Amino acid sequence: MAEAQICYRADAPVNATAASFADFTAGSNAAAVRIEPGDDARVLVPHLGQIQLIEVNFPSFGDGRGYSAAQIVREAGYTGELRATGDVLADQFVFLRRCGFDSFAPDKPLDPQEIEAAEGFFPHVYQTSSDGVAAIWALRHKAVS
Amino acid sequence: MKILTGNDLKTGDVVWWAGETEWSRHLADAQDAGADADAILEREEAARRVNASYAVDGEVTDRGPMPLHIKERVRAFGPTVRPDLAINTSIPIVKV
Amino acid sequence: MYQYDKYDQAMVDARVAEFRDQVRRRLDGTLPEDEFRHLRLKNGLYLQLHAYMLRVAIPYGTLSGEQMHMLAHIARRYDRGYGHFTTRQNIQYNWMKLEETPDLLADLASVEMHAIQTSGNCIRNISSDHFAGAAADEIADPRPWAELLRQWSSFHPEFQLLPRKFKIAVIASPTDRAAMRLHDIGIELVRNADGVLGAKFFVGGGMGRTPMIGPCIRDFVPAEELISYSEAILRVYNRYGRRDNKYKARIKILVHELGAEEYTRQVEEEFAQMKTLGLDPPVAELERITAYFADPAFEQGLSDEIDRADPDFAVWVDQNTHPHKVPGYAVVTISLKPAGGIPGDASADQMDLMADLAARFAFDELRVTHTQNIVLAHVRKADLYTIWQQLDGEGLASANLDLIGDMIACPGLDYCSLANARSIPVAQKISERFADTGRQRELGELKLKISGCINACGHHHAGHIGILGVDRKGVENYQLLLGGSGAEDVSLAKIIGPGFDEDGIVDAVETVTNVYLGARTDGERFLDTYRRIGVNPFKEALYG
C-alpha cells in the first residue's frame with residue numbers, strides 16, 4: 001500500500017492493503033484495489049459500492065492513462081478515496097485533482113508550497129470534469145433566476 | 001574523437017565542451033572527451049552548466065575539431081540558408 | 001473574429017504566471033529537465049538545433065492586424081527579425097532565450113495570443129479553412145466550431161499526457177482547403193435532412209512515418225453533442241493508443257489496428273455514457289462565439305471591374321486572388337514564396353506591412369494558410385492595385401499561388417534537430433529553376449511539398465510532387481514521390497524510385513514536369529495526368 005502524503009478527504013486516508021487488479025477481479029473481497037495503467041477501470045464499476053480505496057498507479061508521469069481511469073470511476077458514482085501513486089509531480093497536481101483524485105502517495109514527496117502555488121494559478125476551468133467545478137461556458141450562460 | 005555539445009540552459013546558445021567544466025560557444029575550443037564522455041555529460045548536466053547535451057564522433061582537422069555528421073556541422077555553422085545569421089562560416093557542411 | 005472575454009484573458013494570464021514560475025524553478029535547479037521538458041513543450045518551447053524555438057499559436061490561422069504587429073514585435077525584440085509560418089497555421093521563432101520567454105508570453109497575452117499546447121502529447125492547434133467566411137462554397141463558417149473545440153481542449157485535465165500529439169482540422173465546404181482527411185480528427189460541417197448544421201467526423205488520418213487517410217466514423221454529430229463526442233474519441237485514444245513505441249503512438253495506428261468499425265464501436269459505447277454527464281456547453285455558447293464571426297460590414301453594389309493595364313498586376317490578380325461570396329470583393333493570397341526565398345519566412349517589416357494592409361483594406365483580419373502563405377480574406381477589388389503595389393515593394397507579390405513556385409518546405413536540417421536533410425536549399429534551387437512566372441503558369445496547378453525527414457512536417461505525402469530528405473550514410477539524399485493530394489480528392493504520394501542528391505532532385509523535378517507537359521490532355525493538371533498515365537512514363541524518364 002502506498003501511504004498518502006496528501007489527502008483532501010474529511011476522513012483519514014484509508015489504511016488498507018490494496019489488492020491487485022487481477023486479484024480483485026478474480027473475486028477477492030478487498031475494500032481497496034490498485035489499478036495499473038493497462039487495467040480497465042470500467043471493470044470496477046459494478047463493485048464500486050464495496051470499495052473504499054482505489055489506488056491508481058503512475059509508473060511514469062508521462063503515461064496519462066490513470067487520468068481516464070479516475071474519471072471513469074468518478075463518473076460511475078464512486079465516492080471513496082481515489083489515490084494517485086507513483087510518479088506524481090506538482091505540475092500535474094491540478095489535473096489530477098480535476099480528474100477526481102483526492103489523495104496522493106507520490107514516490108518523491110511533494111512540496112506543499114509548490115502544490116499551493118499550482119492550485120492558485122488558474123481561476124477558472126474550460127471544461128466540466130470530475131471535480132464538479134463549473135466550466136467557463138456555464139459561468140457565461142448562468143440562468144437568470 | 002568524442003565531441004560533446006549541448007545548449008546553454010538560459011539562452012539556448014549551442015555550446016561545445018572545452019575541457020573540465022568549460023563549455024564554449026566556439027567549436028574550435030572543443031576537447032576530446034574520449035571514454036569519459038558519458039561521465040562528463042552526467043556531471044555537467046547535474047551541475048546545470050549545460051542542457052540537452054550529447055556526444056558525437058568527430059575528428060581533428062586542419063580547421064580544428066570537426067564533427068563527422070552533417071547535423072552537427074550545421075549546428076556549428078548556423079542555418080546554411082541564412083549566412084547573415086551564421087555562427088561560424090568556416091565549417092564545411094558537406095564532407096569531402 | 002473571436003475576442004476574449006474576462007475568462008479567456010484570465011486563463012492566458014494565468015498560464016503566463018504558471019510558466020514564469022516553472023522557468024524560475026528550472027533555472028534555480030528545483031525542476032529537472034526531464035520534468036520541465038514537457039511543461040515547456042506545452043508552451044510551445046522546443047530545444048532545437050541552434051537554440052530554443054517557440055511555436056506561437058494562431059488559432060485556426062486567424063489573426064488581427066494588431067496581433068500580426070505583435071508577431072513582428074516579438075521577432076524584433078526577442079528573435080532575429082523574422083518568423084516562420086508553419087503547415088499548421090502557427091508561427092515559429094528560431095532564436096529564443098528561455099529566460100526571456102515568460103516576458104514574451106506576457107506580451108502575447110496582452111493581445112490575446114499564446115503558445116498553449118502547440119507542442120507536447122496533447123491536443124494541438126485546431127486548423128481550419130483559410131478562406132473561411134469568404135468562400136462561396138462553404139455552408140457555414142467553420143471557425144466558431146474550431147473555437148469551441150479550442151477552449152474545450154485547453155488545459156483539458158484528462159488529455160494532457162496522451163500517447164502522442166493530437167491534431168484537429170475543421171472545414172465547412174466540400175472543397176477541402178485544410179488537408180482535413182490527414183488529421184487525427186477531421187471535421188466537415190454538413191447539414192442534415194432538416195437543414196440543421198452538424199459535424200461529420202473523420203478519425204485516424206495523418207502523415208509522418210505511416211501516412212493514412214482518416215475514415216468517417218460518424219456522419220452527423222449535432223452542435224450540442226460536439227464536445228462529448230470528441231471526449232469519447234479522445235478517451236478511447238488515451239486509454240488504448242499505443243505507448244510502447246513512439247512511432248506507433250498516433251491515433252491512426254489505433255484506428256488501423258482495431259479497424260475503423262471496432263474503433264467506432266468503442267467510441268459510440270463511450271459516447272453513450274459521456275453524453276449524459278453535462279460535458280456539452282449549451283447551444284447558446286456556440287451562438288455566442290458565432291456572433292464574433294458575423295460578416296463584416298461589406299459594402300453593397302461594388303463593381304467587379306479591375307483595371308488590368310499593368311501586366312504584372314494583371315497576372316497577380318489572375319493567380320493570387322479568388323472569388324469572394326460578395327460582389328466587388330476578392331480573397332487575396334500573399335505569397336511568402338519568392339523565387340530563391342525561404343518558404344513561409346517573413347521579416348518583421350513584412351509582418352508589419354501585412355498588418356497595415358489588413359487594417360486598411362481587409363477589415364483588420366489576416367489568415368495563415370497551411371501552405372505557409374497569408375490571406376486577406378475580404379478585399380475590395382477597387383483596392384487590389386494599391387495592395388499589390390505595397391506588397392511588391394516588400395517582395396510579397398509573387399504571383400505563384402498553387403503553382404510550382406508556391407512550394408511547402410519544412411525548416412529541415414538548417415533548423416531542426418529531427419531532420420535528416422536540408423529542405424530549404426532544395427526549395428530555393430527549384431524555385432529559382434522555375435522562377436519565370438510564365439513557365440509556372442504554363443505548368444499550372446502543381447503542389448510541391450518538401451520534408452527534411454520522415455516526420456513529414458512539409459506534408460510531402462500530400463504533394464502532387466513530394467520530396468523526402470533522407471540520410472544516406474551521412475550524406476543528404478532526396479526521394480521523389482508523385483501523386484499525393486491533401487484536398488478532397490485526397491491521396492498519398494508514392495516514392496517512385498531511388499533517391500537523388502541535391503542537384504539531382506532539382507533536375508528530377510524538372511524532368512517529371514516535362515513528362516507531364518508532353519503527355520497532358522486539355523485541362524489536365526499535373527496530378528490528373530499522373531493519375532491517368534500512371535507512374536511508368538515518369539520512372540522511365542528518370543531512370544531510363
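**Notebook: chains A, B and C**

I began with the chain pairs: two pairs of chains are in contact, and chains A and C share the most contacts (a contact means C-beta atoms, placed from the backbone, within 7 Å). Between chain A and chain B I found no contact, and their closest C-alpha atoms lie 18 Å apart.

Housekeeping, before I forget. This is a predicted model, where local features need pLDDT of at least 70, side-chain atom pairs count only at pLDDT 80 or more, and totals for chains, interfaces and linings use all residues. Residues are numbered from 1 along each chain as its sequence is written, with chains lettered from A and ligands numbered from 1 in the order in which they are written.

**Chain B, overall**

I looked up the fold of chain B next and got two helices and five strands (DSSP runs numbered from the N terminus: H or I of at least four residues for helices, E of at least two for strands). Along the sequence I read the pattern as β-β-β-α-β-β-α. The radius of gyration of chain B is 13 Å, close to the 12 Å from the globule rule for 96 residues, so chain B is as compact as a globular protein of that length. For the record, that radius is taken over C-alpha atoms, and the rule is 2.2 Å times the number of residues to the power 0.38. The C-alpha trace of chain B spans about 35 × 30 × 15 Å along its principal axes.

I also checked burial: 38% of the 96 residues of chain B count as buried. The cut-offs use C-beta atoms placed from the backbone: 20 or more others within 10 Å is buried, 12 or fewer is exposed, and in between is partly exposed. Of the contacts in chain B with a separation of 6 or more, 39% come from residues 24 or more positions apart.

**Strand S1 of chain B**

Is S1(B) enclosed or open? Five of the six residues in S1(B), residues 2–7, are buried, so the strand is largely enclosed by the rest of the structure. I then listed its partners, with pairing taken as at least two DSSP bridges between two strands. S4(B), residues 51–61, pairs with S1(B) in the antiparallel sense over five bridges, and there Lys2(B) stands opposite Asp57(B). S2(B), residues 14–17, also pairs antiparallel with S1(B), over three bridges, with Val15(B) as the bridge partner of Gly6(B). S1(B) and S2(B) make a hairpin with six residues between them, and Gly12(B) in the turn has a positive phi of about 80°.

**Where B meets C**

The contact takes 20 residues from chain B and 23 residues from chain C. On the chain B side, S4 and helix H2 (70–77) each supply at least two residues. H2(B) gives the largest share of that side, four residues. I sorted the chain B side by class and got eight nonpolar, seven polar and five charged residues. My classes: Ala, Val, Leu, Ile, Met, Phe, Trp, Tyr, Cys and Pro are nonpolar; Asp, Glu, Lys and Arg are charged; the others, Gly among them, are polar.

**Cys7(A)**

Cys7(A) sits in strand S1 of chain A, residues 6–7. I get partly exposed for Cys7(A), with 17 other C-beta atoms within 10 Å. Leaving out neighbours within four places in sequence, Cys7(A) is in contact with Pro13(A), Asp102(A) and Ser103(A).

**Helix H12 of chain C**

Which residues of H12(C) are buried? In this helix, residues 384–393, I noted Leu384(C), Ile387(C), Trp388(C) and Leu391(C) as buried. Down the axis of H12(C), its buried residues fall within an arc of 100°, so they line one face of the helix (the arc is that of the directions from the helix axis to the C-beta atoms). On the face turned away from the buried side I found exposed Thr386(C), Gln389(C) and Gly393(C). The cover over the buried residues of H12(C) includes H10 (311–320) and H11 (348–361) of chain C. Just after H12(C), Gly395(C) takes a positive phi of about 70°.

**Cores**

Last, the largest nonpolar core has 157 residues, and Val33(A) and Ile450(C) are among those with the most contacts inside it. A core here is a set of buried Ala, Val, Leu, Ile, Met, Phe, Trp, Tyr and Cys residues joined through C-beta atoms within 7 Å. Helix H6 of chain C, residues 226–240, gives the most to this core, with eight residues. I also noted a second, separate core of 72 residues, including Val23(C) and Leu396(C).
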